Amino acid sequence: MDYITTMGLEVHTELSTKTKIFCNCSTEFGGEPNTHVCEVCSGMPGTLPVLNRQVVEYAIRVGIATNCEITQYNKFDRKNYFYPDLPKAYQVSQLYLPICRNGHIDIEVNGKKKAIRIHEIHMEEDAGKLIHDPWDDCTLVDYNRCGVPLLEIVSEPDFETGEEVIAYLTKLKAILQYTGVSDCKMEQGSLRADVNLSVRPVTTDELGTRTEMKNINSFKAIARAIEGERKRQIEVIEEGGRVVQETRRWDDNKGASFAMRSKENAQDYRYFPEPDLVPIEISDEWIARVKSEMPELPDAKKARYLADYGLPEYDVDIITGSKYLVEIFEQALAACNEPKEVSNWIMGEVLRLATETSTDVEDISFDFANLGKLILLVKKNVVNRPTAKEVFEKMFRENVEPEQYIKENGLEMVQDDNLVREVVVKVLADNPKSIAEWKEGNEKVTRFLMGQCMKQLKGKADPGTVNAVIAEELAKL
Ligand code: ZN
Ligand code: MN
């Protein structure tokens, strides 16, 4: 029996505002526990929230970037639940009139285009963190994150494969980064995805019962969680059982999901309008201004890179998929005007060294214009490519300035053609056996001779020149 998988996504993203959504506490990640806390975000009785205007501005930005309608009269509601990570015992969120509705994000998987519909985007506050300490058998609570602004982006159940989910998350992450609303550091929890998943036999149109997997925090883990849960549900059905609607926790180490609690419905939260906050009215002018200030978005940038620079689509997808790679590309390009070279360096050395040093792309920190300078130094034959790679590694790790570093370490290419010829003549004279082999038609010998010459020239000659001189000198024999 074949099964169809249907999935919907709820993505929470922490906004990079300086202060929390309803108070002046810092949103900065980390910090000693309970140091970014005040009477408002710790839920003291008698305090009142004051909405951070920047949160609304960011929500409008994301709404426009994801083709949503902006709800010009929207409101906050209380979502009641008792859990110590939220000391007020309710979360201020939006249920009845969320700020953005009816949008879509276009994705492409294996050459097939698809629009994933966005049901809504709402603003809400994040909860604190509970730290379970099995050693002392107690739970500690850190309210630094409590009240950090969130956008929750709720898709329609439009996904059928894990690849579609990953393509959507990749695109959404790029949009959130390009619009400057979030750093999307998944390892710090500023982008978290919940996956709703159900399966049904191909022979029926009726959707199966769905489960929800919460807060999966890497793309790879999401792909594995989807595959694992899909298989689990099919097994349940094939054994004659019924899938139960519940929230499950994906344990990526064990490669399995575990039931956490039966899934709540909206009525379980006893939502009601938030009485401490006035409704938000968004004028036409406000929307128009945000639209006019919108940066170039991932799809437009990709189209422009393809059209203007003639780069391979695969490379463009990777570079435009990250705001941080785009920054490297554009700053290096401004310094050298060699788009293909810049793209090749990013796809090659930059990403290789990032992997090798376990550096996230957002933390790559050398002076990007220096990559453009290095490219020009190669073009002007100041250094050859192997040397340039060594210089780049120094740039990547220690942010050295390439021209100065090359000078200080005497890495310039040997420009003296007479010296190259001298070395070639000597190497040929020292290797009579190789010459004999070459005379018998063994062309491979020239590579050996080339290696010997480069060694004598300390790797600093232009390989093309050395090759040409070797050919000339061999021809004389
Ligand atoms: Zn506070
Ligand atoms: Mn939420």
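**Ground rules.** I take as donors the N, O and S atoms within 2.8 Å of the metal (3.2 Å for Na, K and Ca); water is not among the atoms, so sites may look incomplete. The model is predicted, so I note that local features need pLDDT of at least 70, side-chain atom pairs count only at pLDDT 80 or more, and totals for chains, interfaces and linings use all residues. Residues are numbered from 1 along each chain as its sequence is written, chains are lettered from A and ligands numbered from 1 in the order in which they are written, and side-chain values use heavy atoms, with hydrogens and water left out.

**Metal site.** I looked up the manganese ion (ligand 2). The donor residues are spaced H-x111-E-x27-E in sequence. They are His12 (NE2), Glu124 (OE) and Glu152 (OE), which coordinate the ion at 2.0 to 2.2 Å. Glu124 lies in strand β7 (residues 112–125) and Glu152 in strand β10 (residues 149–155), so this pair ties together parts 28 residues apart in sequence. Strands here are DSSP runs of E with at least two residues, helices are runs of H or I with at least four, and both are numbered from the N terminus. Glu124 and Glu152 are both buried. For accessibility I use these classes: buried is under 20% relative accessible area, exposed is over 50%, and partly exposed is in between (1.4 Å probe, protein chains only).

**Nine-strand sheet.** In what order do the 9 strands of the open sheet run? The order is β2-β6-β7-β10-β1-β11-β12-β13-β14, with mixed pairing. Two strands count as paired if DSSP finds at least two bridges between them. β2 (69–70) and β14 (256–262) stand at the edges with a single partner strand each, so each has one side without a neighbour in the sheet. β2 pairs with strand β6 (residues 100–109) in the antiparallel sense over 2 bridges. Glu69 has Arg101 in β6 as its bridge partner. Helix α1 (residues 53–65) packs on the sheet and touches β2, β6, β7 and β10; its direction makes about 165° with that of β7. Axes are lines fitted to C-alpha atoms, for helices over the stretch in contact, and angles run from 0 to 180 degrees between N-to-C directions.

I then followed β1. Of its 12 residues, 11 are buried, so β1 is largely enclosed by the rest of the structure. β1 pairs with β10 in the antiparallel sense over 5 bridges, and Glu10 stands opposite Val154 in β10. β1 also pairs with β11 in the antiparallel sense, over 11 bridges. There, His12 has Arg192 in β11 as its bridge partner. His12 is also one of the manganese donors.

Next came β12. It pairs with β11 in the antiparallel sense over 4 bridges, and with β13 in the parallel sense over 2 bridges. Met213 in β12 is the bridge partner of Val195. Met213 also stands opposite Arg248 in β13. Helix α3 (residues 219–238) lies across β1 (3–14), β11 (191–201), β12 (211–216), β13 (246–251) and β14, at about 30° to β11.

**Three-strand sheet.** This open sheet has the order β5-β4-β15 and antiparallel pairing. β5 (90–93) and β15 (272–273) are at the edges, each with a single partner strand, so one side of each lacks a neighbour in the sheet. Strand β4 (residues 77–80) pairs with β15 over 2 bridges. Asp77 stands opposite Pro273 in β15.

**Helix pair.** At what angle do helix α6 (residues 313–320) and helix α7 (residues 323–336) pack? The angle is about 110°, with the axes 6 Å apart. That makes α6 roughly perpendicular to α7. Angles of 65 to 115 degrees count as roughly perpendicular, under 35 as roughly parallel, over 145 as roughly antiparallel, and the rest as oblique. Ile318, Ile319 and Thr320 in α6 meet Leu325, Val326 and Phe329 in α7. Contact means heavy atoms within 4.5 Å. By class, this contact has 5 nonpolar, 1 polar and no charged residues. Ala, Val, Leu, Ile, Met, Phe, Trp, Tyr, Cys and Pro count as nonpolar, Asp, Glu, Lys and Arg as charged, and the others, Gly among them, as polar.

**Single residues.** Leu376 is in helix α9 (residues 369–379). Leu376 counts as partly exposed because its relative accessibility is 23%. Beyond its neighbours within four places in sequence, Leu376 is in contact with Ala335 and Cys336. His132 lies in strand β8 (residues 129–133). Its 53% relative accessibility is why His132 counts as exposed. Leaving out residues up to four places away in sequence, His132 touches Cys138 and Thr139.
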